[in-house]
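Please keep the sequence and the model in view while reading.

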Amino acid sequence: MLAPPGAGKGTQGERIASRYEVPHISSGEIFRDETARKTPLGQQLSGFLDRGDLVPDDLVLSLIKARVVAAAKESGGYVLDGFPRNLAQAEAAADIGRETNTSAQAVVYLDAPADVLIGRLTGRDEARADDSEAVARHRLEVYSEHTKPLVDYYASRGVLVKVDAAEPVDAVSQQIYSALDRIKG
């Protein structure tokens, strides 16, 4: 899953995982869990999350890799949500794929205009510390600088599936399922 903050990665990632019966690995959920449990790692993470900054690659990889390897062994696939977030992480993900004999069949890119995303981020029913308008705008800037280049990276590999995430949730899901079903054959 590749998307700016507020585009629906978590919702769509859960739906995809459920439909195709594979694990959903969400970096955001993992980070929030570590922070809520106030683990030493969670305390490190909270500063980055509260500011809307990207978590350093080494911390991300330390939390994600074991889950990806386990999911690949158990089910042969998985949905990655929120990882990779930059080209270095994409290269690390490719390395993990080679180690586990898996590869990205599709990278779902949820695209939506900034005003829609900010409205979603600041209007969540369960507000998070990183949902203020200033932090939301900063998160979108960080996304644009660090993560958006992955759109071209995955498009050049022929695995990018672009979806209009400004649509209602069920319509977005249907766009994704149609594309993935075609790929899956």
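**Helix H5 and its surroundings**

At the start of helix H5, a side-chain oxygen of asparagine 86 reaches to within 3.1 Å of the backbone nitrogen of alanine 88. A polar contact here is a pair of N or O atoms within 3.5 Å; within protein, one must be able to donate a hydrogen and the other to accept it, and residues adjacent in sequence count only if both atoms are side-chain atoms. The model is a predicted one, in which local features need pLDDT of at least 70 and side-chain atom pairs count only at pLDDT 80 or more, while totals for chains, interfaces and linings use all residues. Residues are numbered from 1 along each chain as its sequence is written, and side-chain values use heavy atoms, with hydrogens and water left out. Helices (H or I, at least four residues) and strands (E, at least two) are DSSP runs, numbered from the N terminus.

- Helix H5 covers residues 87–100, and its 14 residues should span 20 Å at 1.5 Å a residue; the end C-alpha atoms are 20 Å apart, which agrees. The expected span of a helix is 1.5 Å times one less than its number of residues.
- The buried residues of H5 are Gln89, Ala90, Ala92, Ala93, Ala94, Ile96, Gly97 and Thr100. Buried means under 20% relative accessible area, exposed over 50%, and partly exposed in between (1.4 Å probe, protein chains only).
- Helix H4 (57–75) and helix H8 (149–156) are included in what covers these buried residues of H5. Contact means heavy atoms within 4.5 Å.

- Asparagine 86 belongs to the loop between strand S2 (79–81) and H5.
- With a relative accessible area of 13%, asparagine 86 is buried.
- Apart from neighbours within four places in sequence, asparagine 86 is in contact with Asp57, His146 and Leu150.
- Proline 84 has its place in the loop between S2 and H5. The peptide bond that leads from phenylalanine 83 to proline 84 is cis, with omega near 0 degrees.

- Asparagine 101 follows H5 and has a positive phi, near 60 degrees. This is a positive value in a residue other than glycine.
- Asparagine 101 is in the loop between H5 and strand S3 (107–111), and at 72% relative accessibility asparagine 101 counts as exposed.
- Lysine 38 also has a positive phi, near 55 degrees, and is a residue other than glycine.
- The loop between H2 and helix H3 (40–51) holds lysine 38, which counts as exposed at 62% relative accessibility.

**The packing of H2 and H4**

- Two packed helices are described by the angle between their axes and the distance between the axes.
- Helix H2 (residues 27–36) packs with H4 at an angle of about 115 degrees, and their axes are 11 Å apart. Axes are lines fitted to C-alpha atoms, for helices over the stretch in contact, and angles run from 0 to 180 degrees between N-to-C directions.
- On the side of H2, the contact is made by Ser27, Ile30, Phe31 and Glu34; on the side of H4, by Val60, Leu63, Ile64 and Arg67.

**Glutamate 14 in H1**

- Glutamate 14 is placed in helix H1 (residues 9–20) and is partly exposed, with a relative accessible area of 43%.
- Not counting residues up to four places away in sequence, glutamate 14 touches His24 and Glu29.
- Between glutamate 14 and valine 79 there are 65 residues of separation in sequence and 8.3 Å in space, C-alpha to C-alpha.

**Helix H9**

- Helix H9 covers residues 169–184, and its 16 residues should span 22 Å at 1.5 Å a residue; the end C-alpha atoms are 22 Å apart, which agrees.
- Val172, Ser173, Ile176, Tyr177, Ala179 and Leu180 are buried in H9, and the buried residues of H9 pack against H1, S3 and strand S4 (160–164).
- Lysine 184 is found in H9 and counts as exposed, at 62% relative accessibility.
- Lysine 184 and alanine 106 are 78 residues apart in sequence and 9.5 Å apart in space, C-alpha to C-alpha.
- Glycine 185 follows H9, and its phi is positive, near 75 degrees.
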